[in-house]
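Keep the model open as you read.

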Amino acid sequence: MAPPRPPTGPILFLPLVFLFLFTTAAASAAAPEDEKFTEELLLRPLPDRKALAHFHFRSSAPPAASVGRHHHLFPKAISQLVKKYHISELELSFTQGRWNYEQWGGFDPMSTNNAKPPGVELWAVFDLPLSEIDATWKNLTHTLSGLFCASINFLESSTAFSAPRWGFKLNEGNLRYGALPREAVCTENLTPWLKLLPCRDKAGIASLLYRPSIYKGYYHSQKLKLRSSQSLGIILDQTLTVVLQPNNVHGEQLHSNHGQLQPNWSMRHLFNRKLSGKCLVSKSSRVFIEVDKGIADEVNISGSVHSWSNEFFVLSNSPDKLIKGQNHLEMQSSFLYVYDASNYSEEQPLDLGITWKLPLIWTCTPSPFHASRFLMGSGNERGSIALSFMSTNLHKKISGSANDCSIKAVIFQVVPWYVKVYYHSLEIFIDGSRKTVSEVVDKIHVIPSEDKLLPGTLEMLLRFPCSMQSGTLTLDFDKLWLAFLSSVLLEVTLKLIQYLDHLY
């Protein structure tokens, strides 16, 4: 008798199972390569004996069609936000304190990109028809309010946001902007911000974010910025900029004609932590110490600043690389000492710091003009808004600048609905002499305010001569809130009289 024939079904089915498992494993292994995460930390000594720390985390996801709805590194909440509200660009910042433009810089990428006004600032560009943007903006503010545990939903009112066309950011009318200057910033906003990181604050550079050290600084600004397109996918940048006062100073404080000795500091002194390696899923993890070339120029030590150990300062660790950069004026460069966080671990943590040997005085690159805004006039009914521009003589430092050159400045001003501005009363004074509007203003766009409905928006493109030392713009306005309070008081009085008549 012939032996029984072995069953063929399971044997034919097993290769299909192995093939399916292999395909699934290959797909899951290939997907994380499309999503990327990088982390960086920039440390910079400041002229006023403080230290700047700038954290930068970038997460990117490819177009949705290639990975479906699942993400390995990119935060799902942000992906859902972009898809639901059709967002092309968005920026949300929480700031505590004011940026010191004179001491911390006013014309470099750090100040122009990361110096934010106090409170909450939000702007978004939508890929939607204009008729749907206002309703979408309101829903977006509620979503962000719940996501970051803040009062962003107060920006849903039409009196709280505006639609600038080119003064804030060039757009086709699909941008909305709002700000809450009095919004408090605390750890309740930082915690959900950290949850968007793949390693949160448990590993990598984010592990240095020790809350008591971060919030006792002079300036604290956490920002979230995203860009989305069908060709590139979504790019999410999370930055945290803090200005701290080093709490540990070694040695005697030296005083001389050259200034006061800068305080020595390290990561442990600034954050009460050391860096124990990188986040395991990060593609790149680097730490930078930036030394402004103004330090070398001030003490005339051209060339020696290239070394991490010289007669003026010494770094605690030898860098992996040295990068020399130039700003957009090509007049002053900085030096970046680069450290790879993957070379360190819990057994050998990185406690990067700087020790000063000689007193130094230097200044950061200022902006061409120092701008300020104030009110003029007396009484509580009428007044004037004044914008003042004081030259910092930056044009004299630019080689080859002609005397007839000009500097352009953009003014973007949102006026509350209860302030009635007379835009026809615009007056411009340059170095004490009155100028016509056409001599200085190249472009202007005004949206008048509407009572209890819309704020006013002013956008102006100004052209100042490089030789200008001072300039002033004035606009007259009425304080409509007094009339508003009077009407409210009258209404309360009438109701009180009606109540007394009914009572007696």
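Rings of Phe, Tyr and Trp, the last taken by its six-membered ring, count as a pair if their centres lie within 6.5 Å. On that basis Trp123, Phe168, Tyr177 and Phe412 form one aromatic cluster. The model is a predicted one. By the pairing rule, the count comes to 17 aromatic pairs. Take Phe37 and Phe57. Their ring centres are 6.4 Å apart and their planes meet at 5°, so this pair is stacked. Phe37 sits in strand β1 (residues 36–45) and Phe57 in strand β2, 20 residues apart.

Phe369 and Phe464 show another geometry. This pair is edge-to-face, with 5.6 Å from centre to centre and 70° between the planes. Phe369 belongs to strand β17 (residues 369–376) and Phe464 to strand β23, so the pair ties together parts that are 95 residues apart in sequence. Phe369 is buried at 11% relative accessibility. Phe464 is buried too, at 1%.

The largest nonpolar core has 77 residues. Phe55, Leu90, Met267 and Phe271 have the most contacts inside it. What does Phe271 touch, leaving aside neighbours within four places in sequence? Its contacts are Leu43, Ala53, Phe55, Leu208, Tyr210, Ser213, Ile214 and Leu244.

Helix α7 (residues 187–194) comes next. Its buried residues are Asn189, Leu190, Pro192, Trp193 and Leu194. The strands are β2 (51–61), β3 (87–96), β7 (219–229) and β8 (233–244). The helices are α6 (130–148) and α8 (211–215).

How many disulfides does a search of the whole structure find? The search finds two. One joins Cys199 to Cys279, with 1.9 Å from S to S. This link is right-handed, with 70° about the S-S bond. Cys199 lies in the loop between α7 and α8, and Cys279 in the loop between α9 (267–271) and β12 (284–292), so the bond ties together parts 80 residues apart in sequence. Cys199 and Cys279 are buried.

The other disulfide joins Cys405 to Cys466, at 2.0 Å from S to S. Cys405 is in the loop between β18 (382–391) and β19, and Cys466 in the loop between β23 and β24 (470–479), 61 residues apart. Cys466 is buried, with a relative accessible area of 5%. Counting bonded cysteines along the chain, the pattern is 1-2, 3-4. Cys149 is in no disulfide. Its nearest cysteine sulfur, that of Cys186, is 6.9 Å away. Cys149 is partly exposed, at 44% relative accessibility.

Finish at the sheet that holds β23. Three strands form an open sheet in the order β19-β23-β22, with antiparallel pairing. β19 (406–415) and β22 (441–447) stand at the edges with a single partner strand each, so one side of each has no neighbour in the sheet. Neighbouring strands are turned by 10° against each other on average, direction ignored. β19 and β23 (residues 456–465) pair over 10 bridges. Among the bridge partners, Val415 meets Gly456 of β23.

Notes
Residues are numbered from 1 along each chain as its sequence is written. This is a predicted model: local features need pLDDT of at least 70, side-chain atom pairs count only at pLDDT 80 or more; totals for chains, interfaces and linings use all residues. Side-chain values use heavy atoms; hydrogens and water are left out. A nonpolar core is a set of buried Ala, Val, Leu, Ile, Met, Phe, Trp, Tyr and Cys residues joined through side-chain atoms within 4.5 Å. Buried means under 20% relative accessible area, exposed over 50%, partly exposed in between (1.4 Å probe, protein chains only). Contact means heavy atoms within 4.5 Å. Helices (H or I, at least four residues) and strands (E, at least two) are DSSP runs, numbered from the N terminus. Two strands pair if DSSP finds at least two bridges between them. Axes are lines fitted to C-alpha atoms, for helices over the stretch in contact, and angles run from 0 to 180 degrees between N-to-C directions. A disulfide is a pair of cysteine sulfur atoms within 2.5 Å. Rings of Phe, Tyr and Trp (its six-membered ring) pair if their centres lie within 6.5 Å; planes under 30 degrees apart count as stacked, over 60 as edge-to-face and the rest as tilted.
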